[in-house]
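Welcome! Take a moment to look over the sequence and the 3D view, and then let us walk through them together.

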Amino acid sequence: MHPFHYEQPKEPGSSVERVSRVKEASFLAGGTGLLDLMKLGVETPALLVDVRKLPLAQIEELPDGGVRLGALARNSDVAFHPLIRERYPMLSEALLAGASGQIRNMATVGGNILQRTRCSYFRDVTTPCNKRQPGSGCSALEGINRGHAVLGVSESCIATHPSDMSVPLAALGATVRIQGPKGERTVPFTDFHLMPGTTPQRETVLEHGDLVLSVDVPALPAAKRSLYLKVRDRASYAFALASVAAALEVEGGVIRQARLALGGVATKPWRAVAAEQKLVGQAPSPQLFQEAAKAALEGAKAREHNGFKVELAQRIIVRALTTLGGRS
């Protein structure tokens with residue numbers, strides 16, 4: 001592993017200041033992603049600023065009825081918290097579908113939404129990868145790309161975003177609170193992650209030195225009738241081939257509100273706005289759900305080995321909507 005220095009400031013402001021002053025500095029929280037990449041030689045920070053002692057582990061109700069998830073809140077604590085299980089079942093289910101119990105006990109909210117792709121070419125420093133080394137090429141385009149993205153792709157990168165938790169956060173319309181060298185700001189969750197375009201090395205809107213403080217989830221009554229459905233190669237400890245976070249509010253036989261986001265098929269957590277628009281104002285039906293699923297995958301671009309993901313994602317969307325549509 002590359003040699004590095006280690007510090008543990010006591011306040012968010014001093015942590016931000018320290019990282020912003022050192023070009024090759026990184027924040028360290030749970031470490032479940034960063035340390036793996038350091039062992040592989042993908043990440044080589046000169047300085048690790050440990051933020052685990054900062055007061056950012058809260059899970060608390062907001063005045064407007066939403067919930068604030070501190071960036072250092074553990075995934076297990078969020079998944080089992082009564083507020084999350086009651087108001088946002090899709091979020092609890094997504095967290096429990098990810099990784100293992102041991103990793104969830106260590107992993108944090110901030111680390112989860114910032115985790116980097118599991119593309120094997122990104123993690124192998126002997127292969128070309130535009131995300132790891134801009135301009136070197138994308139090995140996945142003509143390589144083994146079964147697990148790669150079909151939405152939000154470019155000729156520079158087709159790596160899939162790996163987070164389960166980020167999928168319901170996109171569907172719920174969450175907001176990310178950030179503290180940086182210039183002060184505090186908020187960013188809508190759907191704008192937080194970036195599509196690769198010609199700069200796949202830039203994955204989020206964060207600038208160097210920016211620290212995620214929390215993810216704020218808005219009050220959304222429709223979310224009480226929600227679920228997270230994940231399809232993967234094995235029953236546990238595997239990343240999604242396709243996943244969906246869905247919520248429906250049905251009143252008087254008509255869909256009043258719909259939320260839909262996809263995971264495992266896109267380069268970022270994918271809010272399916274066109275599918276939502278298809279659903280709202282309509283009576284639930286198999287045909288409607290199939291139309292919404294088709295709209296959600298509009299524009300998908302498959303490669304040699306991942307074309308099956310288009311139909312797979314459409315099928316789990318229909319399954320999720322059918323399940324929710326039949327709930328009273």
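## Two assigned domains

The centres of domain 1 and domain 2, taken over C-alpha atoms, are separated by 36 Å. This is a predicted model, and the domain assignment of the protein chain places domain 1 at 5–52 and domain 2 at 221–326.

## A sheet of five strands

Now look for the open sheet, which is formed by 5 strands in the order β4-β5-β8-β6-β7, with antiparallel pairing. Its edge strands are β4 and β7 (183–188), each of which pairs on one side only. From one strand to the next, the twist averages 20°.

You can follow the pairing strand by strand. Between β4 and β5, which run antiparallel, there are 3 bridges, and E61 stands opposite V67 in β5. Next, β5 and β8 are antiparallel and joined by 4 bridges; here G70 has S214 in β8 as its bridge partner. On the way to β6, strand β6 (residues 175–180) pairs with β8 in the antiparallel sense over 5 bridges, and I178 stands opposite V212 in β8.

How many residues of β8 are buried? The strand is mostly covered, with 7 of its 7 residues buried. Helix α1 (residues 12–21) lies across β6 and β8, and it runs at about 70° to β6. As you look at the strands, keep a general point in mind: in a regular strand the side chains alternate between the two faces of the sheet.

## Salt bridges across the chain

A search of the whole structure finds 17 salt bridges. One of them brings together the side chains of E61 and R87, at 2.8 Å from N to O. This pair links distant parts of the chain, as E61 sits in strand β4 (residues 59–61) and R87 in helix α4 (residues 82–87), 26 residues apart. Are these two partners buried or exposed? E61 is partly exposed because its relative accessible area is 45%, while R87, at 19% relative accessibility, counts as buried.

Another salt bridge joins D216 and R68, whose closest N and O atoms are 2.8 Å apart. It also links distant parts of the chain: D216 belongs to strand β8 (residues 211–217) and R68 to strand β5 (residues 67–70), 148 residues apart. Both D216 and R68 are buried.

The side chains of E155 and R303 meet in a salt bridge as well, at 2.8 Å from N to O. Here the partners come from loops: E155 lies in the loop between α8 (120–123) and α9 (166–172), and R303 in the loop between α12 (286–296) and α13 (308–325), 148 residues apart. R303 has a relative accessible area of 18%, so it is buried.

## One aromatic pair

Searching the whole structure turns up 1 aromatic pair. Why does the pair formed by F189 and F192 count as stacked? The ring centres of F189 and F192 are 6.3 Å apart and their planes are at 20°, so the pair is stacked; the cut-off for stacked planes is under 30 degrees.

F189 and F192 are both in helix α10 (residues 189–192), and because they are 3 residues apart, about one helical turn separates them. To finish the picture, F189 is buried, and F192 is buried too.

Methods. Residues are numbered from 1 along each chain as its sequence is written. This is a predicted model: local features need pLDDT of at least 70, side-chain atom pairs count only at pLDDT 80 or more; totals for chains, interfaces and linings use all residues. Side-chain values use heavy atoms; hydrogens and water are left out. Rings of Phe, Tyr and Trp (its six-membered ring) pair if their centres lie within 6.5 Å; planes under 30 degrees apart count as stacked, over 60 as edge-to-face and the rest as tilted. Helices (H or I, at least four residues) and strands (E, at least two) are DSSP runs, numbered from the N terminus. Buried means under 20% relative accessible area, exposed over 50%, partly exposed in between (1.4 Å probe, protein chains only). Domain bounds come from an automatic or database domain assignment. A salt bridge is a side-chain nitrogen of Lys or Arg within 4 Å of a carboxyl oxygen of Asp or Glu. Two strands pair if DSSP finds at least two bridges between them. Axes are lines fitted to C-alpha atoms, for helices over the stretch in contact, and angles run from 0 to 180 degrees between N-to-C directions. Contact means heavy atoms within 4.5 Å.
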